Amino acid sequence: MGEAIRDDDESAPFRVVIVGGGTAGWMSAAGIRRRLESKDYSLTLIESDDIGTVGVGEATLPHIKIFNDMLGVDEAQFMRETRATFKLGIQFCDWDQPGDRYIHPFGAFGEPWGGVEFQHHWLRSQRQGHQRFALEDFSYSVVAARNNAFEFPNEDSKSIRSTYSYAYHFDAGLYAAYLRSWAMERGVRRIEGQVCDVSRHPTTGDLTELTLKSGEHVAGDLFIDCSGFRSLLLGKIMGVAWQDWTHWLPCDRALAVPCKRVGALTPYTRSTARPAGWIWRIPLQHRTGNGYIFSSRFISDGEARDTLLSGLDGAAQGEPRLLRFSPGRRERAWSGNCVAIGLASGFLEPLESTSIYLIQAAVTDLINLMPRPRSAGVDARLVNEFNRLNEMQYERIRDFLILHYTANRRVGEPLWDYARSMPLPDSLVHKLALFRSRAALPSHQYGLFARDSWLAVLVGQGIAATGYDRLADALPLSALEERLSEFRNRIQTNVDDMTSHGAFIANYAQAMEITESEEAVA
Amino acid sequence: MSVGPPLSRVVVMGRDVDLWLCVNAIARALGPAGVQVTAIELPTRLRSSDISATLPPLEAFHAKLGLKEPSLIRATAGSFSFGQNFVPGSGRTPNFFHAWGAYGAPIDGSAFFPCWLKATRYGLKLSYQDFCLTAVAASNGRMLLPDEATSAFGRTDYGYHVQTMAYAGYLKSIAANLGVKMYQAQKGLVERDETGSIAALIIDGSLRIEGQLFVDATGPDAILIGRSLNVPFDDWRPYFSVDRVLSARAPAFTRTPPFAEIRIAGDGWTALHPNQAATGVLHAYCGELSRDEAALASASAAASAKLADVSFHAVNPYVRSRVWEGNCVAVGGSACVLDPIHDVDLHALQLGLVHLLSLFPVTGQFAAERAEYNRIMRSYYERIRDFQCAFYAVAPFGGDFWQRARGQSVPQSLSHKIATFRARGHIAPMEDETFLPDSWQAIFVGLGVAPETWPSAIDGIPPNRFREEFHRTIEFIKGKVLEQPTHDGYLDSIGRSPAA
């Protein structure tokens with residue numbers, strides 16, 4: 001169980017073998033390479049050109065900048081190479097009911113006054129005030145997003161322009177390729193090939209060696225399963241059970257297709273609810289990524305395809321690609337000497353762009369809890385910790401996703417009728433009751449999502465709070481209304497001065513001329 | 001403002017600090033929103049020898065209540081405390097300081113602790129607390145007044161040692177100015193309505209006081225939530241060996257140390273809480289292993305002084321299964337009794353009040369608030385319990401008491417935490433922690449728990465960077481400490497207590 005400390009630096013490094021070269025595989029490789037010494041850890045990644053990766057266009061969360069900064073990535077260069085655009089949030093259309101729309105921004109709503117969170121002041125003005133203020137007018141990122149504007153946040157914490165952060169939309173395939181060159185330049189060994197056999201230790205059951213179709217053998221001390229939905233090592237070989245969440249998140253298929261980019265470059269992802277699921281729209285520099293996530297219980301593939309194609313901004317680039325999945329997670333992401341990262345460990349639909357965040361969190365935890373070089377190997381105590389953190393991440397995101405579905409007024413559509421009436425996790429029931437009663441927002445120190453995210457979606461999905469924190473009443477109503485007006489105007493005045501997102505990209509990180517043939521291939 | 005009329009009448013029954021801090025908090029925060037507070041005061045249980053040690057967050061809570069630090073210090077013969085100095089006395093374990101400030105500063109973006117850990121494995125002789133500005137200042141009898149440089153370095157927090165009776169009186173006098181209605185009573189009787197909620201309290205058999213929300217601040221007696229509502233409690237005695245304490249007073253130190261000192265002996269431990277006027281002495285032991293006379297001898301030896309006002313008390317740690325039941329909220333000792341080792345009583349009270357304010361009912365419909373309050377308070381209490389259990393579970397001291405302490409139950413959440421610390425020096429992050437990783441590390445390291453490994457990510461930092469940073473930090477601390485006023489000098493400057 002313990003790892004003895006030995007300092008015989010001469011011996012061979014600890015061998016980490018990664019199976020699968022999508023976003024998960026290359027983020028794992030790059031992260032580990034950056035943080036751990038080559039003399040202590042060797043890294044081999046096996047990927048096959050014959051096996052596709054899932055991502056088409058990918059929307060991310062602001063956390064990814066921490067990861068890129070850790071690698072020392074030059075932002076403009078990375079954006080050029082991945083055809084990236086900026087993202088200030090997600091616009092949800094028709095989710096509560098057709099015609100409704102709201103933005104879940106990466107940023108704050110208002111500011112606390114008198115030690116009381118903003119939503120209480122806002123709700124009080126709704127109840128008692130003379131003016132009706134829209135919540136979204138108090139989010140810098142929402143107002144900027146609505147104006148298709150973008151600039152970097154200001155670092156001066158007193159400035160209204162410091163109250164938001166940003167993420168990116170990029171081509172996930174190009175991001176993986178970018179990280180691949182980054183990692184290979186730094187000594188990560190890449191093997192092109194497919195795993196056809198796995199050897200295990202006869203007594204411990206640990207993985208010892210992979211055999212590739214080429215006949216090559218790849219031995220390792222720790223295996224990272226980034227094989228995607230197939231979960232080649234953790235699921236198939238280690239046999240870790242699957243926890244199915246379909247009863248909470250009914251969508252199980254996606255059709256994805258890029259289309260020609262038309263119109264202004266929006267600095268947000270759009271998610272539009274449809275009768276049997278929802279359609280994503282992710283603006284990249286050279287094209288727009290689209291996809292229909294749907295439940296096969298409620299619509300046929302053909303109908304879904306027609307729905308998707310009929311709603312595109314521009315001409316489709318190719319035939320939609322079908323993906324099948326189940327929402328849920330492996331009961332343990334790390335078992336024995338096998339750790340699954342990315343889709344091999346679990347799947348949550350991309351409604352809140354959490355896939356890459358989950359990869360990043362797992363890579364960060366793995367680096368901290370990684371077996372020491374020249375040690376007795378995997379330490380069960382640290383494996384338990386990895387699994388505990390991973391489970392917490394998944395469950396918190398899960399509740400937030402379910403909220404989008406269950407709080408709807410799309411009466412008469414079977415998927416949405418089901419979502420309104422399905423039994424919810426107790427943790428979510430409790431959060432909803434607390435918001436309804438007094439506009440209290442879930443808050444925790446670890447994992448997603450922050451208070452303002454819950455506020456955006458709770459209010460956006462039409463959940464009404466009947467009360468608010470009475471400490472808010474300490475502020476005279478007229479003073480409150482003055483502050484609200486001032487705050488709202490300060491945002492508007494600042495946003496009016498901003499550059500458009502399209503112009504900002506053109507100036508900062510415009511990708512090379514993209515040829516027609518390249519677009520056709522993509 | 002909402003469905004139904006606002007909840008506006010709160011009755012708090014209790015005694016001493018539990019009662020008066022609670023009354024201040026509610027009246028101050030919610031008075032402007034129209035909430036009226038009635039206080040029913042039961043006879044005090046305090047002795048003039050009692051000195052309370054507090055944790056750093058009380059300072060900010062006082063500020064919210066509009067209490068001014070200098071007047072508090074003067075009124076309570078108070079002093080500042082930058083942490084706890086543990087004195088094992090004999091054996092292999094050197095003294096160690098559990099400070100209310102940051103230990104070390106990150107090196108090239110990596111946390112300090114693993115860097116220190118690795119360096120010690122390669123022969124570094126400096127202890128963990130040598131890198132804690134707060135600990136070094138306090139050990140030298142100094143204050144630590146924060147400035148830009150110390151803030152950049154890290155937290156430098158403090159608590160107080162206040163004369164408990166004076167503190168309760170101080171809070172009461174302020175409550176009187178907040179328009180709180182006050183009654184004194186020998187006992188209270190609960191009148192319940194048809195739903196089982198409390199309708200009114202009948203005090204001393206005659207006066208009937210109605211309310212919508214009742215707060216039980218009666219301490220471990222739990223007169224409302226326990227005796228009247230019969231809400232059961234979970235017994236936490238299986239986790240702890242201390243079941244009895246001796247409380248007494250020793251003379252004041254010539255120079256008031258700005259910290260508490262915990263002196264270890266084979267039969268338990270003795271805490272010295274110095275303030276301007278006296279030194280509070282608390283000796284904790286196990287009644288089955290030591291008789292009271294032996295405890296007195298042990299406490300006198302530990303304090304090296306003749307003790308006055310000696311009294312003995314049982315300690316029965318527990319947590320109320322539901323700290324909010326019906327329309328009755330338990331705060332302080334009626335909700336939870338913790339082990340005396342880390343001076344957490346007042347902090348546990350503060351946590352209960354802070355969350356009661358943030359979940360204070362809007363109307364008579366407060367089932368969601370109650371559920372959340374029960375959930376979150378339970379979580380906070382359990383994390384404190386784990387921290388205290390950790391101390392006893394890993395303490396390496398000799399003697400019957402410590403042997404018994406090491407054999408007590410360990411909650412699963414804690415065994416996981418100890419395991420990850422032993423494996424890698426990793427403090428498993430959990431929600432609702434009172435004690436920061438710095439505290440966990442200070443206690444574990446001080447008690448001689450040596451992590452087997454450190455995170456590999458720090459292996460990329462060259463050894464000379466460690467040396468440079470260690471040297472820079474030690475020099476910084478030395479310089480900053482010399483700039484500080486002495487604790488006594490600072491107490492002089494804000495005005496001494498007439499009692500001192």
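Of the 522 residues in chain A of this predicted model, 51% count as buried. The chain contains 16 helices and 22 strands. Its radius of gyration is 24 Å, close to the 24 Å that the globule rule gives for 522 residues, so chain A is as compact as a globular protein of that length. The C-alpha trace of chain A spans about 75 × 55 × 45 Å along its principal axes. The contacts in chain A can also be sorted by sequence separation: among those between residues at least 6 apart in sequence, 77% join residues at least 24 apart.

Within chain A, one helix pair may be considered in detail. Helix α10(A), residues 380-406, packs with helix α12(A), residues 426-438, at an angle of about 60°, and their axes are 10 Å apart. The crossing of α10(A) past α12(A) is right-handed. From α10(A), the residues making the contact are Asp399(A), Ile402(A) and Leu403(A), and from α12(A) they are Ser427(A), Leu428(A) and Lys431(A). Sorted by class, this contact of α10(A) with α12(A) has three nonpolar, one polar and two charged residues.

The axes of helix α11(B), residues 367-394, and helix α13(B), residues 412-424, come within 10 Å and cross at roughly 60°, which makes α11(B) oblique to α13(B). Here α11(B) passes α13(B) in a right-handed crossing. On the α11(B) side, the contact is made by Asp386(B), Cys389(B), Ala390(B), Ala393(B) and Val394(B); on the α13(B) side, by Ser413(B), Leu414(B), Lys417(B) and Ile418(B). By class, the contact between α11(B) and α13(B) has six nonpolar, one polar and two charged residues.

The two helices of chain B also bear on the meeting of the chains. In total, 32 residues of chain B are in contact with 33 residues of chain A. Helices α1 (16-30), α11 and α13 of chain B each supply at least two residues of the side of chain B that touches chain A. Of that side, α13(B) gives the most, with five residues. Its composition by class is 16 nonpolar, nine polar and seven charged residues.

Methods:
Residues numbered from 1 in each chain as written. Chains lettered and ligands numbered in written order. Predicted model: local features only at pLDDT ≥ 70, side-chain atom pairs only at ≥ 80, totals over all residues. Axes fitted to C-alpha atoms, helices over the stretch in contact; angles between N-to-C directions. Helix = DSSP H or I, 4+ residues; strand = E, 2+ residues; numbered from the N terminus. Parallel < 35°, antiparallel > 145°, perpendicular 65-115°, else oblique. Left-handed = near helix turned anticlockwise from the far one by under 90°. Contact = placed C-beta atoms within 7 Å. Nonpolar A, V, L, I, M, F, W, Y, C, P; charged D, E, K, R; others polar. Rg over C-alpha atoms; globule rule 2.2 N^0.38 Å. Buried ≥ 20, exposed ≤ 12 C-beta atoms within 10 Å, placed from the backbone.
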